[in-house]
Amino acid sequence: MEAAERNGIPIPKLCYLKGINEIAACRVCVVELEGKEKLITSCNNMVKDGMVIYTNSPKVRNHRRNTVQLLLSQHDNRCVVCPRNGNCQLQQVACDLNILDIPFRQEPEYQPWDKDFPLIRNSAKCIKCMRCVQVCDKIQGLGIWDVEGTGSRTTVNVAGHKTIREADCALCGQCITHCPVGALYERDDIDPFMNAVHDPEKIVVVQIAPAVRAAWGEGLDLPREMATEKRLAAAVRALGVDYVFDTNFAADLTIMEEGNELLDRLDNSRKYAWPMFTSCCPGWVSFVSKKYPEYLRNLSTAKSPQQMFGAMAKTYFAQKKGIDPNNICCISIMPCVSKKREASLSYMKSAGAGQDVDIVLTTREFVRMIRAE
């Protein structure tokens, strides 16, 4: 596959992730090796001197079409209401192969899911490529996903027959990023955002994380020189938001708070566990609390930049502007799904002002909202 790509010959794939998922599960990347009756998978076969490979022969094309049609027969094909519409590898492969009908009976799998959880899984979209399983095991080390069932009943689900809330998911979002279809995505919070914007009683304050500034243009196909911070802020204001801030300010607050805490710990070193870890990433805090609880004492007690900003918006900023904190809707645009859960946690609420942060959107949601508006 890599040798062909280096020579400008693309070979379609769905399950392959270099060094992570090289199991040839999808069979879409098959090629024809001269002298061999059976087709071989290009993702996990090595190039050798003297090989003659056909990447697009009639035999290969027919096999690919049949394979993709079988995948589509177990896939919810309502693409127009899918979060990955227009950015889906299965959709692209089917289009490239000119698949206009599915000759097999449609049998998508439907499993119940907690739609209030920040991470959503649509089992009817899953193509059993195992990317989520391998990424979670080999990169994140959490083992949230696993294969269950046998034969035609084989599927992917939360490991250990648990619900997603019972699992040790840190909500890192890597499974969403690496899913080639719309089987995994973040809970959509665009409607609450727009409801707040159009509520005349609400003062909407938005903070934008630094990573979003680097990524938002990609989703809108903007060239780098167009995807500037000022255009990003202007786009948010054009949605009807009252105030736009950069989370960098709250990150500076976090540095000051954690720095002061470190100095205090150094003065009383025997009272504390060492080393001291930052608490600015909710995914990291969740990972430690679930997998290595013995290190919880090592975490800083400071809130994350997101939560610090929310607390500041509803106290210092509200007082400075003469606004009732209860009328402020604090919204974060963040690169991380775990921020959605962090915002809702009880210990992340300031006295008398409810949640520090009311709504969290990921970069993907923000891009969809901009497109819709």
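Modeller: Charge first, for context. This predicted model carries 47 positive and 44 negative side chains, and the centres of those two sets are 4 Å apart.

Now the sheet. Four strands build an open sheet, ordered S9-S8-S10-S13, with parallel pairing. Strand S9 (243–246) and strand S13 (359–362) are the edges, and each pairs on one side only. From one strand to the next, the twist averages 20°. In general, strands of a sheet pair through backbone hydrogen bonds, either parallel or antiparallel.

Strand S8 covers residues 203–208 and is joined to S9 by 4 bridges, the two running parallel.

Next, the helices. Helix H6, residues 190–197, lies across S8, strand S10 (328–334) and S13. Its direction makes an angle of about 125° with S13. Helix H13, residues 363–372, lies across S10 and S13. H13 runs at about 85° to S13.

Step back to the whole chain. The protein has 13 helices and 13 strands. Of its 373 residues, 45% count as buried. Its C-alpha atoms fill a box of roughly 75 × 50 × 40 Å along the principal axes. Among contacts between residues at least 6 apart in sequence, 69% link residues at least 24 apart. The accessible surface is about 19,800 Å², with 52% belonging to carbon and sulfur atoms.

Conventions. Residues are numbered from 1 along each chain as its sequence is written. This is a predicted model: local features need pLDDT of at least 70, side-chain atom pairs count only at pLDDT 80 or more; totals for chains, interfaces and linings use all residues. Side-chain values use heavy atoms; hydrogens and water are left out. Buried means under 20% relative accessible area, exposed over 50%, partly exposed in between (1.4 Å probe, protein chains only). Contact means heavy atoms within 4.5 Å. Accessible areas come from the Shrake-Rupley method with a 1.4 Å probe; for residues, only the protein chains shown count as cover. Lys and Arg count as positive and Asp and Glu as negative; His and the chain ends are not counted. The place of a charge is taken as NZ of Lys, CZ of Arg, CG of Asp or CD of Glu. Two strands pair if DSSP finds at least two bridges between them. Axes are lines fitted to C-alpha atoms, for helices over the stretch in contact, and angles run from 0 to 180 degrees between N-to-C directions.
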